[in-house]
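Please look over the sequence and the structure before reading on.

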Amino acid sequence: MSKEFSEVGIEAIGLYVPKYYVSLDDLASARGIDPLKFSDGIGQKQMAVPPPDEDVVTMGASAAAEALQSVDIDQIDTLIFATESGIDQSKAAAIYVHHLLHLPRNCKSFEVKQACCGSTAALQMAMAMVAQKPTRKVLIIAADVARYGLCTAGEPTQGAGALALVISAQPRIMTLESEWGAYTEDVMDFWRPNYLDEAVVDGKFSIKVYLKALTESWAQYTEESGRSLDDHSRFCYHLPFTRMAEKAHRQLAKLNDQASAHPQQYEDSLHYNRVIGNSYTASLYIGLTSLLETSSEDLTGHRIGLFSYGSGCMAAYFSGKVLPGYRDFLRPQRMTEQFGARHRLSVTEYEAFYTHELPKDGSRYFTETYETGRFRLSGVEAHKRLYEPAQQAKHSVSSAQPAAMAG
Ligand code: HMG
């Protein structure tokens, strides 16, 4: 590779979060649970809820549109869409986004899946594609709606969001290093059969498997790289809920014979997740964005350790180094702009969003208009999903108030 193309990494990031959320204090009181269990026990404040006219395609397209603001779309050679909330068993969500964003005709577009780790599989694929042909840019979209049953233990760990990355040989935010650790084991900790809209989960077991997969993938990563814990300044973890990072970091410290884990090594990665909730494939990368956008310290040159976990299970440990000038390509005002303008739903309104269904008999149906990103799901006809650019919202939820980080 020529010097100009000697590194592969993240050139641009886009993030999209639905415009509606539920306060976990409200959810706790509706479910008769001590609010401290959600705020302190699992570490969550709010969860993002998509309205009926938003899905992984609209969320993913909005995130990608932001990432592509500073990238020439004609250079996008491949679009990989990672999701476990797919809208079709055959046609990739990537194809809809390809159309909505007017990506080049020769851009390959497809979908990948392995629970929350699908996005990381996409990342490794993208790195190999760029290393093979350094003029190539790969757009990765990770988008999901985390759904468990109403009134279940998993309910407070729901959420939704989308994250897009442009991977290229001209990274501006972070380079990605080539040493990886991986771990796969056939376990039933969390899964979603084709006939269910919600995940089935063995919650406590899933936490144990997550930590085992961390141990195993870290071991291979350190063996390959020769690095130790001290070679990393910050750590990002897949975040089903923020207290999971605390458990994971404690485990990593123990594995490395350190008496205590240092929360300051991961806490800036938690800010966004705490008010979004789990976003499955997007979660780790939303954590990374949170770290880079909210850390008061200049992280230039710092190595970040990244742990990706996908139930079922597959996990990966890898790392990246933050590039000089990275802040010029991020949106640290996001916390106030994007999250601060969201509408707070009552629990009854959230349940109405949650239970909304599109017809399954092929009949024509127009979705009511809510506040969305740049695109909306306008309806279905003859079993085809119809998308359109979003105009001004015509429908407001009766009591939903623009509110924000409170609650
Ligand atoms: P649960 O049974 O409701 O909660 O399930 P719990 O009783 O274990 O309590 C949770 C914590 O709150 C505990 O703290 C309690 O002590 C504490 P910990 O022991 O962990 O330190 N607590 C309180 N704290 C303060 N005041 C109180 C109070 N009461 C209790 N009054 C669980 C929790 C996370 C298991 C559940 O929400 C769940 O099943 N979630 C979904 C599964 C999940 O998130 N698993 C995580 C690992 S698997 C993964 O990350 C993959 C995934 O993203 C899917 C994919 O890959 O696609 C999920």
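The points below are grouped by topic.

The model is predicted. Strand β4 (residues 76–82) has 7 of its 7 residues buried, so it is largely enclosed by the rest of the structure. Strand β14 (314–322) is likewise treated below, with 7 of its 9 residues buried. Around the ligand there are 28 residues, and the protein covers 75% of the 1,100 Å² of accessible area that the ligand has on its own.

**Strand β4 and its partners**

- β4 pairs with strand β6 (residues 137–146) in the parallel sense, and 6 bridges join them.
- Within that pairing, Ile80 has Ile140 of β6 as its bridge partner.
- Strand β5 (residues 108–112) also runs parallel to β4, and the two are joined by 5 bridges.
- Here Leu79 stands opposite Ser109 in β5.
- From β4 the chain passes through helix α4 (residues 93–100) to β5, in a β-α-β crossover that is right-handed.
- In a regular strand the side chains alternate between the two faces of the sheet.

**Strand β14 and its partners**

- Because 7 of the 9 residues of β14 are buried, this strand is largely enclosed by the rest of the structure.
- Strand β8 (residues 174–176) pairs with β14 in the antiparallel sense over 3 bridges; Leu176 stands opposite Gly320 in β14.
- Strand β9 (residues 181–184) is also antiparallel to β14, with 4 bridges between them; the bridge partner of Tyr183 is Ala315 in β14.
- β13 and β14 are antiparallel too and share 8 bridges.
- In that pairing Ile304 stands opposite Gly320, the residue that also faces Leu176.
- The two strands β13 and β14 form a hairpin with 3 residues between them, and in the turn Gly312 has a positive phi of about 120°.

**Ligand surroundings**

- Which of the 28 residues around the ligand come nearest? They are Lys37, Glu84, Cys116, Arg243 and Lys247.
- Glu84 places a polar side-chain atom 2.4 Å from an oxygen atom of the ligand.
- Lys204 has a polar side-chain atom 3.1 Å from an oxygen atom of the ligand.

**Cysteines**

- How many disulfides does a search of the whole structure find? The count is 0.
- Cys236 is buried, because its relative accessible area is 1%, under the 20% cut-off.
- The closest cysteine sulfur to that of Cys236 belongs to Cys117 and is 15 Å away, so it is too far for a bond; a disulfide would need the two sulfur atoms within 2.5 Å.
- Is Cys151 buried or exposed? At 56% relative accessibility Cys151 counts as exposed, since the cut-off for that class is over 50%.

**Backbone geometry in loops**

- The peptide bond from Gly312 to Cys313 is cis, with omega near -5°. Cys313 lies in the loop between β13 (303–310) and β14.
- Tyr280 has a phi near 45°, which is positive in a residue other than glycine. Its place is in the loop between α8 (271–276) and α9 (283–294), and Tyr280 is buried, with a relative accessible area of 4%.
- Ala382, not a glycine either, has a positive phi of about 50°. This residue is in the loop between β17 (375–381) and β18 (384–389), and at 45% relative accessibility Ala382 counts as partly exposed.

**Two further buried residues**

- Tyr221 is part of helix α6 (residues 203–225) and is buried at a relative accessible area of 0%. Asp186 is 35 residues from Tyr221 along the chain, and their C-alpha atoms are separated by 21 Å.
- Phe241 is in the loop between β12 (234–237) and α7 (243–255) and counts as buried at 9% relative accessibility. Along the chain Phe241 and Gly43 are 198 residues apart, while their C-alpha atoms are separated by 6.5 Å.

Notes:
Residues are numbered from 1 along each chain as its sequence is written. This is a predicted model: local features need pLDDT of at least 70, side-chain atom pairs count only at pLDDT 80 or more; totals for chains, interfaces and linings use all residues. Side-chain values use heavy atoms; hydrogens and water are left out. Buried means under 20% relative accessible area, exposed over 50%, partly exposed in between (1.4 Å probe, protein chains only). Two strands pair if DSSP finds at least two bridges between them. A crossover is right-handed if, with the strands pointing away from the viewer, the path from the first strand over the helix to the second runs clockwise. A residue is near a molecule or strand if one of its heavy atoms lies within 4 Å of it. A polar contact is a pair of N or O atoms within 3.5 Å; within protein, one must be able to donate a hydrogen and the other to accept it, and residues adjacent in sequence count only if both atoms are side-chain atoms. Accessible areas come from the Shrake-Rupley method with a 1.4 Å probe; for residues, only the protein chains shown count as cover.
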